[in-house]
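Trainee: Could we go through this one together, slowly? I would like to start with some side chains and then move on to other topics.

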Amino acid sequence: QVQLVESGGGLVQAGGSLRVSCAASGFIFRRYPMAWFRQVPGNEREFVAAISWNGGNTVAADSVKGRFTISRDNDKKTVTLQMTSLKPEDTGVYYCATRVNDYAPGGRIPATASEYDYWGQGIQVTVSS
């Protein structure tokens with residue numbers, strides 16, 4: 001079965017950097033887009049960034065453009081979110097996600113939570129002021 005396992009979160013001061021990674025298994029990783037979302041209690045899950053099946057295209061939320069970079073390694077079946085210039089408002093649980101069902105190879109990169117059908121368990125990122 002599809003499994004997504006996040007790692008690398010933690011506590012960092014504002015202005016610092018942190019990297020979160022997601023290890024995937026149970027599906028043909030190189031065929032599907034991958035994304036990162038985040039959520040804080042009481043709020044909906046928020047799109048952060050996504051990457052196409054081959055890493056050739058990425059999309060990112062305006063709030064993280066220029067600070068966060070998403071990348072993937074199809075040989076290692078991992079997707080990584082490198083976060084720099086972190087702000088307290090970046091605090092949240094970060095989730096890795098993929099869209100496998102009903103996805104046409106080479107299609108556009110989904111950017112809403114409802115378009116993704118498999119999720120990791122999430123990992124906490126806390127940015128202190």
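Trainee: Is R38 buried or exposed?

Mentor: Keep in mind as we talk that this is a predicted model. R38 has a relative accessibility of 5%, and because buried means under 20%, R38 counts as buried.

Trainee: Okay, and which side chain does R38 meet in a salt bridge?

Mentor: The side chain of R38 meets that of D90, with N and O 2.9 Å apart. This pair links distant parts of the chain, since R38 sits in strand β4 while D90 lies in the loop between β8 (78-83) and β9, 52 residues apart.

Trainee: What about D90, buried or exposed?

Mentor: D90 counts as buried, its relative accessibility being 0%. D90 also forms a salt bridge with R67, where the closest N and O atoms are 2.7 Å apart. R67 is buried, as is D90.

Trainee: How many salt bridges does the structure hold?

Mentor: The structure holds five salt bridges. One of them is between the side chains of R108 and E115, at 2.3 Å from N to O. In that pair R108 is exposed, with a relative accessible area of 57%, whereas E115 counts as buried at 17%.

Trainee: And which residues are joined into one network?

Mentor: Salt bridges that share partners join R38, E46, R67 and D90 into one network.

Trainee: Changing topic, which residues does the disulfide join?

Mentor: The structure holds one disulfide, and it joins C22 to C96 with an S to S distance of 2.2 Å. The two cysteines come from distant parts of the chain, C22 from strand β3 (residues 18-25) and C96 from strand β9 (residues 92-98), which puts them 74 residues apart.

Trainee: Why is that disulfide left-handed?

Mentor: The torsion about the S-S bond of C22 and C96 is about -75 degrees, so the disulfide is left-handed. As for accessibility, C22 counts as buried at 1%, and C96 is buried with a relative accessible area of 0%.

Trainee: One last thing, where is N43 found?

Mentor: N43 is found in the loop between β4 (34-39) and β5 (46-51). N43 is partly exposed, with a relative accessible area of 46%. If you compare N43 with I70, they are 27 residues apart in sequence and 23 Å apart in space, C-alpha to C-alpha.

Technical notes: Residues are numbered from 1 along each chain as its sequence is written. This is a predicted model: local features need pLDDT of at least 70, side-chain atom pairs count only at pLDDT 80 or more; totals for chains, interfaces and linings use all residues. Side-chain values use heavy atoms; hydrogens and water are left out. Helices (H or I, at least four residues) and strands (E, at least two) are DSSP runs, numbered from the N terminus. Buried means under 20% relative accessible area, exposed over 50%, partly exposed in between (1.4 Å probe, protein chains only). A disulfide is a pair of cysteine sulfur atoms within 2.5 Å. A salt bridge is a side-chain nitrogen of Lys or Arg within 4 Å of a carboxyl oxygen of Asp or Glu.
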